[in-house]
Amino acid sequence: MPRKSRIISIPKEQEDIIKKSECCYVGMVDENNNPYVLPFNFGYKDQCIYLHSAPNGKKIDILKKNNRVCLVFSIDHELFAQNKDVACSYSMGYKSVICYGKVEFIEGFENKVEALNIFMQQYTQRDFKYSVPAVNNVMVYKVVIDKMTGREFGNLP
């Protein structure tokens, strides 16, 4: 069966892919115009991706100078072959979403707790209580999405 591709433009379908993803990859560009990509756990709500990390380091330095990012989510990977004896006939089926946006750092204890609970909802479907030192020692930020695209590739009808 020939493989097909389709654009996923329905926001609900795009959000379903994001919510089913185990992690996302965040691409940024440093001061020397070099790309820098890292995997992140995340939370998603209202067209925003929530992230957290140590309060300092290379990624924080980059994001404070250039807050534009690209995020990639990918699920349902499946290897296909038209002919199992021909290497070039193999390909990978998938569903993916690419988001573009700007990072906004979240300040204040209550705002950080709210964001951390959005993050934890992604993986546990519940809210948590946080200690003051834990919240004060983590950098919390969100990506406000200004563009989102999706694609599906594989054995489609």
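Me: I clicked on K95 by chance. What does its relative accessibility count as?
Reply: K95 counts as partly exposed, at 24% relative accessibility. On that scale, buried is under 20% relative accessible area, exposed is over 50%, and partly exposed lies in between (1.4 Å probe, protein chains only).

Me: Before I go on, what sort of model is this?
Reply: It's a predicted model, where local features need pLDDT of at least 70 and side-chain atom pairs count only at pLDDT 80 or more, while totals for chains, interfaces and linings use all residues. Residues are numbered from 1 along each chain as its sequence is written, and side-chain values use heavy atoms, with hydrogens and water left out.

Me: Good. Which residue forms a salt bridge with K95?
Reply: D76, with the closest N and O atoms 3.6 Å apart. A salt bridge here is a side-chain nitrogen of Lys or Arg within 4 Å of a carboxyl oxygen of Asp or Glu. K95 lies in strand β7 (residues 90-106) and D76 in strand β6 (residues 68-81), so the pair ties together parts that are 19 residues apart in sequence. Strands (E, at least two residues) and helices (H or I, at least four) are DSSP runs numbered from the N terminus. D76 is partly exposed as well, at 46% relative accessibility.

Me: How many salt bridges does the structure hold?
Reply: There are 5. One of them joins the side chains of R6 and E152, at 2.8 Å from N to O. R6 lies in strand β1 (residues 4-8) and E152 in strand β8 (residues 139-154), so this pair ties together parts that are 146 residues apart in sequence. R6 is partly exposed at 31% relative accessible area, whereas E152 is buried at 12%.

Me: Which residues do salt bridges with shared partners join into one network?
Reply: R6, E13 and E152.

Me: And what about K12 and D16, where do they both lie?
Reply: Both lie in helix α1 (residues 11-20), 4 residues apart, about one turn of the helix. K12 counts as exposed at 52% relative accessibility, and D16 is partly exposed at 27% relative accessible area.

Me: Let's zoom out. How many helices and strands does the protein chain have?
Reply: The protein chain has 4 helices and 8 strands. From the N terminus on, the elements run β-α-β-β-β-β-α-β-β-α-α-β. The C-alpha atoms fill a box of roughly 60 × 40 × 25 Å along the principal axes. Buried residues make up 38% of the 157 residues.

Me: Changing topic: how many aromatic pairs does the count come to?
Reply: It comes to 6. The rule pairs rings of Phe, Tyr and Trp (its six-membered ring) if their centres lie within 6.5 Å; planes under 30 degrees apart count as stacked, over 60 as edge-to-face and the rest as tilted. The rings of F42 and Y123 have centres 6.2 Å apart and planes at 75°, so this pair is edge-to-face. The pair links distant parts of the chain, with F42 in the loop between β3 (35-40) and β4 (43-45) and Y123 in helix α3 (residues 109-124), 81 residues apart.

Me: Are those two buried or exposed?
Reply: F42 is buried at 0% relative accessibility, and Y123 is partly exposed at 31%. Y123 also pairs with F119: their centres are 6.0 Å apart and their planes at 55°, so that pair is tilted. F119 is buried, with a relative accessible area of 6%. Ring pairs link F42, F73, F119 and Y123 into a cluster.

Me: Last one, how many disulfides does the count come to?
Reply: The count is 0, where a disulfide is a pair of cysteine sulfur atoms within 2.5 Å. For C23, the nearest cysteine sulfur is that of C24, 6.7 Å away. C23 is partly exposed at 26% relative accessible area. C70 is in no disulfide either, and its nearest cysteine sulfur, that of C99, is 8.0 Å away. C70 is partly exposed, with a relative accessible area of 23%.
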